[in-house]
Amino acid sequence: MTIDPDTFRSVLAQWPSGVSVVTTVAGDGWHGMTASSFSSVSMDPPLILVCLNRRITTHALIEASGVFAVSVLAKDQTMVGRRFAGQEGVADRFAGGAWETRVTGAPVLTDAVGWLDCRVVHAYAGGDHTIFVGAVLGASTERVVAPLLFHSRAWGQLADVLPDLVSVADTGLLSALRTHAVPATAAGALATALRAAGVRVRVRDPYGCLVSTGDRRTATALVATADEVADAALSGAGVIELPAGDPVVTKHILDEAGRYDMTAACWLPDAFAPARAADVLDAVDMLAALGCAEIGLDEGAEAASPRQVRELLQDATVRAATRPMPVSLRVRLRDRHGLGLVNALTAMKSGVRHFDTTLGGIDGVLACEDVQFLADRLGVACDSPRAALVAAAADLERHLGGALPGRTYRVSTS
């Protein structure tokens, strides 16, 4: 049976792939083209392959030079892909790009997701294409970001997949109850109820503590120095929180936490402000390298849009997940302009599973019961039962004598 060429191309277009630029060097300079027919072949020795149409110029140049490089494009490099696909009509495809040579003389894009510099060791005929197998002589992942994708003749990015489980922690109740002058006994009872429901609660900070009971893994302490870690451990906390700061001080605190078998969460303020994006991503790398198990991203004083949340988390989640010891990301979002739950949804779809909240939203941070409500409506499991969170919010409402800012605590739990 003869396959119709248009049908064949249409079927192949349904296969999603990454996007790469294949380059080589010839007597008159550099040459390259966009390609998706690229694959690994062997780990030992390291081999890859590219499949090129025999009629194109790059094919002939690789055949003559015996070398090629593959640069894997990032999500923000669509224009590079279009340029090397001949869709931009430019005279010099390499102009303005961060192109350099490494081993073979074929240019690599140094701000790509990754690149491989190769010498041709085999060339196999494959219909109207040639399968070039290259021995990898150099490789690097110099920029850890999400990749560019190609599907059905369109450029795209990684699909948003909701997590199967989310968790909520309460990092604001201690301070908020102090501000509202709630009696210590009532405050401790609220904290104990939340901890019994599996919510991790901040029970200690430099200004005081909540007397509550529960598994030590559900109690956190905010510390600023290594000397405070021992007191936090003795008070029953199994987790310390600390603001990100000087790396030497941070490392000292993390080492002290390790002595007491405590999990450490480091917080970055104003994390979603566009002007701070590069600094925040560098800090994520630094904190992960120091051994911080959890990194928190706090929305802070400047209201973030869903797009800002998305753009930062796309890169931050990749960096956290690709460490030798993967790091958990947490977010603390405010409920401003009605965007709190929208930003929480954006965070979930960007790979975040852990949310730091405040019961009832009484300090402007998203309410823990609201995040749980969102997860429930999305079909995402939450490790804290909604009935317990709603009951705690109702108790808090009675203590404060008025309605809470939280949006869903009065919604039926059925």
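Let me start with Asp-261, which is exposed because its relative accessibility is 61%, above the 50% that the word requires. Asp-261 sits in the loop that runs between helix 7 (247–259) and strand 18 (263–268), and although it is not a glycine, it has a positive phi of about 55 degrees. Please keep in mind throughout that what we are looking at is a predicted model.

His-337 lies in the loop between strand 20 (328–332) and helix 10 (340–349), and with a relative accessible area of 72% it counts as exposed.

Let me now step back to the chain as a whole. The chain has 414 residues, of which 46% are buried, and its secondary structure comes to 12 helices and 22 strands. The C-alpha trace spans about 80 × 50 × 35 Å along its principal axes, and of the contacts with a separation of 6 or more, 65% are between residues 24 or more positions apart. The chain exposes about 19200 Å², with carbon and sulfur atoms supplying 56% of that area. As for charge, there are 36 positive and 45 negative charges, and their mean positions are 3 Å apart.

Turning to the annotation, an unreviewed UniProt entry places the feature "domain: Flavin reductase like" at residues 12–157. That span is 12% helix and 49% strand, and its end C-alpha atoms lie 18 Å apart.

Within those numbers we come to helix 2, residues 57–65, and I would like to ask which of its residues are buried. They are Thr-58, His-59, Leu-61 and Ile-62, and because they fall within an arc of 170 degrees when seen down the helix axis, they line one face of helix 2. In general, an α-helix has 3.6 residues a turn, so residues three or four places apart point the same way. The face turned away from the buried side of helix 2 carries the exposed residues Thr-57, Glu-63 and Ala-64. On the buried side, the packing partners are strand 2 (20–26), strand 3 (29–35), strand 5 (47–53), strand 6 (67–72), strand 9 (114–126) and strand 10 (129–140). After helix 2 comes Gly-66, with a positive phi near 75 degrees.

In the loop between strand 4 (38–42) and strand 5 we find Pro-45, and the peptide bond leading from Asp-44 to Pro-45 is cis, with omega near 5 degrees.

Leaving aside residues up to four places away in sequence, Gln-77 touches Val-72, Leu-109, Asp-111, Ala-112, Arg-143 and Leu-148.

Finally, Ala-85 lies in the loop between helix 3 (78–84) and strand 7 (99–101), and its relative accessibility of 38% makes it partly exposed. Ala-85 and Met-33 are 52 residues apart in sequence, yet C-alpha to C-alpha they are 5.9 Å apart in space.

Note on methods:
Residues are numbered from 1 along each chain as its sequence is written. This is a predicted model: local features need pLDDT of at least 70, side-chain atom pairs count only at pLDDT 80 or more; totals for chains, interfaces and linings use all residues. Side-chain values use heavy atoms; hydrogens and water are left out. UniProt positions are given in the numbering used here, feature names are shortened, and annotations may be inferred rather than shown by experiment. Helices (H or I, at least four residues) and strands (E, at least two) are DSSP runs, numbered from the N terminus. Buried means under 20% relative accessible area, exposed over 50%, partly exposed in between (1.4 Å probe, protein chains only). Contact means heavy atoms within 4.5 Å. Accessible areas come from the Shrake-Rupley method with a 1.4 Å probe; for residues, only the protein chains shown count as cover. Lys and Arg count as positive and Asp and Glu as negative; His and the chain ends are not counted. The place of a charge is taken as NZ of Lys, CZ of Arg, CG of Asp or CD of Glu. The arc is that of the directions from the helix axis to the C-beta atoms.
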